[in-house]
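Trainee: I would like to go through this model with you. Could we start with the overall layout and then turn to the details?

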Amino acid sequence: MTLQSIELGQGTGPLRGIKVVEIAGIGPGPHACTILADLGADVIRVERPGGQLLAGGSHDLLTRGRPSVALNLKDPAAAGVVLDLVANADVLVEGMRPGVAERLGIGPDECRARNPRLVYGRMTGWGQDGPWSQAAGHDMNYIAITGTLHGLGQVKEKPQFPANLVGDFGGGSTYLVIGILAALLEARVSGEGQVVDAAIVDGTAHLNTMLAAFLAAGTFKEERVSNLLDGGAPYYDIYETADGEHMSVGSLEPQFFAQLVELLDIVDQVPGQFEFDRFDEMRELIASRFKEKTRDEWCAVFDGTDACVAPILKFSEAVDHPHMKAREVLVEKDGIVQPQPAPRFSRTQATLGMAPPPKAGAHTREALTAWGVANVDDLLLRGVAVQVDEE
């Protein structure tokens, strides 16, 4: 891949011109930088030689949209390269355990000494302080102590975790991006950057604000399948179809519930929507009705209605759903089906413009040169930086 194909500053989204140094990690940090790159920021990804242990290679969409530079951060000279990058950057993102960046010489004090306007984004599970800040953990551990995991799933016997969507990406990368954008706006007023401490425990707890309100109001039971939005109500649940597929039903409001029972043709049999003591009877009636047709047959019945019913699709099927297809939510690029940048903008719409995710270090020479780092060939010769050729 040539420098022309990774030219910096050419993002089409609203963050065009914002320069971001990413110290590569796994999970929420890369996802946050993918969001920033998708929205037009110039992100340079600094990786260890050989890449991350859990990286997905040429299919790793969490590295799309930016060049990859390989630096041996255990070499003190590599810290100097990062600081040179920081001098011309708006943002740095790192996701190491608290204290590691400082030991490498690229902590907030060192970076902001080179660039006082820098927004220094830190992504961790537990946060920068607290008794567990130095402990290892993963998504389900972080959401477990926030009170969020306990209520997830439609099985009374034990919670069910939704892969790593709620913690890593919901409470993690999303809140890191929110924090970075807020700090960038504030820096334009004050002239000073700051550190953004994005912890998955903090963001996940904040995601749960509505539950906290319900609990305070006495309208929420801390028991799975006992509340309005957790499958406790039969008109907000998942039902199997005749072909073993499933439909999602979210007919909460009375007018939507009325359409549901009409289209299911059970108006004369179904209990009243708020006859709570007859919910089991209602659920059994709805379930038996859905078992009479296939998923596609029910799609034809409910398509375009206000019953709030939609098919549950596999990811591989979602790309062909008429609504997803019309909006081009998922597209095939370079042989990979992947989501388009989100959200959308009326004037500075983001686009997928770069080649597939690169190998770690595929752009070391070109990207460092483009970012104004001096003596790149010498850094490569000394092993401080590593250039890897793409096949």
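Mentor: The conversation below moves from domains and sheets to loops and a pocket.

Mentor: This is a predicted model, in which local features need pLDDT of at least 70, side-chain atom pairs count only at pLDDT 80 or more, and totals for chains, interfaces and linings use all residues. Residues are numbered from 1 along each chain as its sequence is written, and side-chain values use heavy atoms, with hydrogens and water left out.

Trainee: Into which domains is the chain divided?

Mentor: Domain 1 covers 19-207 + 339-386, and domain 2 covers 236-327. These bounds come from an automatic or database domain assignment. Taken over C-alpha atoms, the centres of domain 1 and domain 2 are separated by 40 Å.

Trainee: In what order do the seven strands of the open sheet run?

Mentor: The order is S6-S5-S4-S1-S2-S3-S12, with mixed pairing. Its edge strands, each pairing on one side only, are S6 (195-199) and S12 (385-386). Strands here are DSSP runs of E with at least two residues, helices are runs of H or I with at least four residues, and both are numbered from the N terminus. Two strands pair if DSSP finds at least two bridges between them.

Trainee: And S1 with S4: parallel or antiparallel?

Mentor: Strand S1 (residues 19-23) and strand S4 (residues 91-94) are parallel, with three bridges. Within that pair, Glu 22 stands opposite Val 93 in S4.

Trainee: Which strands does helix H6 lie across?

Mentor: Helix H6 (residues 165-190) lies across S4, strand S5 (119-124) and S6, and runs at about 165° to S5. Axes are lines fitted to C-alpha atoms, for helices over the stretch in contact, and angles run from 0 to 180 degrees between N-to-C directions. Contact means heavy atoms within 4.5 Å.

Trainee: Now the three-stranded sheet. What is its order?

Mentor: It is an open antiparallel sheet ordered S7-S8-S9. Strand S7 (236-240) and strand S9 (309-311) are the edge strands, each pairing on one side only. From one strand to the next the twist averages 20°.

Trainee: How many bridges join S7 to S8?

Mentor: Five bridges join S7 to strand S8 (residues 246-250), and Asp 237 stands opposite Val 249 in S8. S7 and S8 form a hairpin with five residues between them, and Gly 244 in the turn has a positive phi of about 80°. Helix H10 (residues 279-290) lies across S7, S8 and S9, at about 40° to S7.

Trainee: Which residue takes a positive phi in the hairpin of S10 and S11?

Mentor: Asp 334 does, with phi near 55°, in a hairpin that has two residues between the strands. Strand S10 (residues 330-333) and S11 run antiparallel and are joined by four bridges; Leu 330 has Pro 339 as its partner in S11.

Trainee: Changing topic, how much space lies in the second largest pocket?

Mentor: About 630 Å³. On a 1 Å grid over the protein atoms alone, a pocket is an open set of points where a 1.4 Å probe fits, with protein on both sides within 12 Å along at least five of seven lines; lining residues have an atom within 4 Å of a point. Grid points are joined across faces, edges and corners, and the volume is the space filled by probe spheres set on the points.

Trainee: Which residues lie nearest its centre?

Mentor: Of the 26 lining residues, Leu 211, Phe 220, Asn 227, Leu 229 and Asp 230 lie nearest the centre of the second largest pocket. Helix H8 (residues 209-217) gives the most to this lining, with four residues. The lining divides into nine nonpolar, 12 polar and five charged residues. In that count, Ala, Val, Leu, Ile, Met, Phe, Trp, Tyr, Cys and Pro are nonpolar, Asp, Glu, Lys and Arg are charged, and the others, Gly among them, are polar.
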